[in-house]
Amino acid sequence: MRAAAAEAATAAYAPYSGLHVGAAALCDDGRLVSGCNVENASYGLTLCAECTLAGQLRLTGGGRFVAVAVRSGTGALLMPCGRCRQLLLELGGPGCALDTPRGIRTLAEVLPDAFTLSPPAPEERA
Ligand code: THU
């Protein structure tokens with residue numbers, strides 16, 4: 001999965017930042033999907049590697065992410081940005097594993113108290 005993420009980074013389109021990013025995920029049916037970042041001249045509308053990863057999950061049969069790794073084109077470990085943590089959580093759930101600089105952690109650990117359409121019960125509110 002880590003090698004697949006680095007391989008996916010070679011397909012990145014990143015003429016503005018120069019940072020080639022690849023993401024790979026193991027899915028709940030055992031298949032591996034990958035994605036790469038795709039930039040554009042507006043900068044702000046850039047697609048992160050995790051965005052195209054999410055598209056590949058849906059396009060190749062759906063299901064859920066079980067584990068995710070993100071790598072640069074040189075093989076360096078990268079963490080998903082905040083928006084992408086939310087995206088991965090949606091499609092992998094809180095228990096989905098993520099390769100991080102501090103070892104394998106869950107998405108719930110790297111995105112605590114994530115946004116949800118179900119508000120916490122009154123007794124859970126601060
Ligand atoms: N990028 C990703 O692909 N994933 C992230 O989680 C954070 C950032 C990309 C977007 C942009 O093309 C480049 O990295 C520099 O920000």
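**Figure 1. Strands β3 and β4 in the predicted model.** In this close-up of a predicted model, Val68 has Leu98 in β4 as its bridge partner. The two strands concerned, β3 and β4, pair in the parallel sense, and their pairing extends over 2 bridges. Strand β3 spans residues 65-72, and because 7 of its 8 residues are buried, β3 is largely enclosed by the rest of the structure. In general, the strands of a sheet pair through backbone hydrogen bonds, and the pairing may be either parallel or antiparallel.

Figure 2. Strand β1 with its partners β3 and β2. Strand β1, which covers residues 21-27, is mostly covered, with 6 of its 7 residues buried. With β3, strand β1 pairs in the antiparallel sense over 7 bridges; within β3, Ser72 is the bridge partner of Val21, while Val70 stands opposite Ala23. With β2, strand β1 again pairs in the antiparallel sense, here over 5 bridges, and the bridge partner of Ala23 in β2 is Gly35. The hairpin of β1 and β2. Strands β1 and β2 form a hairpin with 4 residues between the strands, and in this hairpin Gly30 takes a positive phi near 95 degrees. Strand β2 itself runs over residues 32-36.

Figure 3. The open sheet is formed by 5 strands in the order β2-β1-β3-β4-β5, and the pairing within it is mixed. Its edge strands are β2 and β5, the latter comprising residues 103-106, and each of these pairs on one side only. When direction is ignored, neighbouring strands of this sheet are turned against each other by 25 degrees on average. Helix α2 packs on the sheet, where it touches β1, β2 and β3, and the direction of α2 makes about 140 degrees with that of β2.

**Figure 4. Strands β4 and β5.** Strand β4, which consists of residues 97-100, pairs with β5 in the antiparallel sense over 4 bridges.

**Figure 5. The buried residues of helix α2.** Helix α2 comprises residues 49-59, and its buried residues are Ala49, Glu50, Cys51, Leu53, Ala54 and Leu57. These buried residues pack against the strands β1, β2 and β3 and also against helix α3, which covers residues 82-92. As a general point, an α-helix has 3.6 residues a turn, so residues three or four places apart point the same way. After the helix comes Gly61, whose phi is positive, near 130 degrees.

**Figure 6. The packing of helix α2 with helix α3.** Two packed helices are, in general, described by the angle between their axes and the distance between the axes. Here α2 and α3 pack at an angle of about 15 degrees, and their axes are 10 Å apart. Because angles under 35 degrees count as roughly parallel, α2 is roughly parallel to α3. The crossing in which α2 passes α3 is left-handed. On the side of α2, the residues involved are Glu50, Cys51, Leu53, Ala54 and Leu57, and these meet Arg83, Cys84, Leu87, Leu88 and Leu91 in α3. Sorted by class, this contact of α2 with α3 has 8 nonpolar residues, 2 charged residues and no polar ones.

**Figure 7. Glu90 in helix α3.** Glu90 is found in helix α3, where it is exposed, with a relative accessible area of 56%. Glu90 and Glu109 are 19 residues apart in sequence, whereas in space the distance between them, taken from C-alpha to C-alpha, is 14 Å.

Figure 8. Tyr43 has its place in the loop between β2 and α2, and its phi is near 65 degrees, a positive value in a residue other than glycine. Tyr43 counts as exposed because its relative accessibility is 56%, where the cut-off for exposed is over 50%. Asp113 lies in the segment after α4, a helix of residues 107-110, and here phi is near 55 degrees, again a positive value in a residue other than glycine. With a relative accessibility of 80%, Asp113 likewise counts as exposed.

How values were computed:
Residues are numbered from 1 along each chain as its sequence is written. This is a predicted model: local features need pLDDT of at least 70, side-chain atom pairs count only at pLDDT 80 or more; totals for chains, interfaces and linings use all residues. Side-chain values use heavy atoms; hydrogens and water are left out. Buried means under 20% relative accessible area, exposed over 50%, partly exposed in between (1.4 Å probe, protein chains only). Contact means heavy atoms within 4.5 Å. Axes are lines fitted to C-alpha atoms, for helices over the stretch in contact, and angles run from 0 to 180 degrees between N-to-C directions. Angles under 35 degrees count as roughly parallel, over 145 as roughly antiparallel, 65 to 115 as roughly perpendicular and the rest as oblique. A crossing is left-handed if the near helix is turned anticlockwise from the far one by less than a right angle, and right-handed if clockwise. Ala, Val, Leu, Ile, Met, Phe, Trp, Tyr, Cys and Pro count as nonpolar, Asp, Glu, Lys and Arg as charged, and the others, Gly among them, as polar. Two strands pair if DSSP finds at least two bridges between them.
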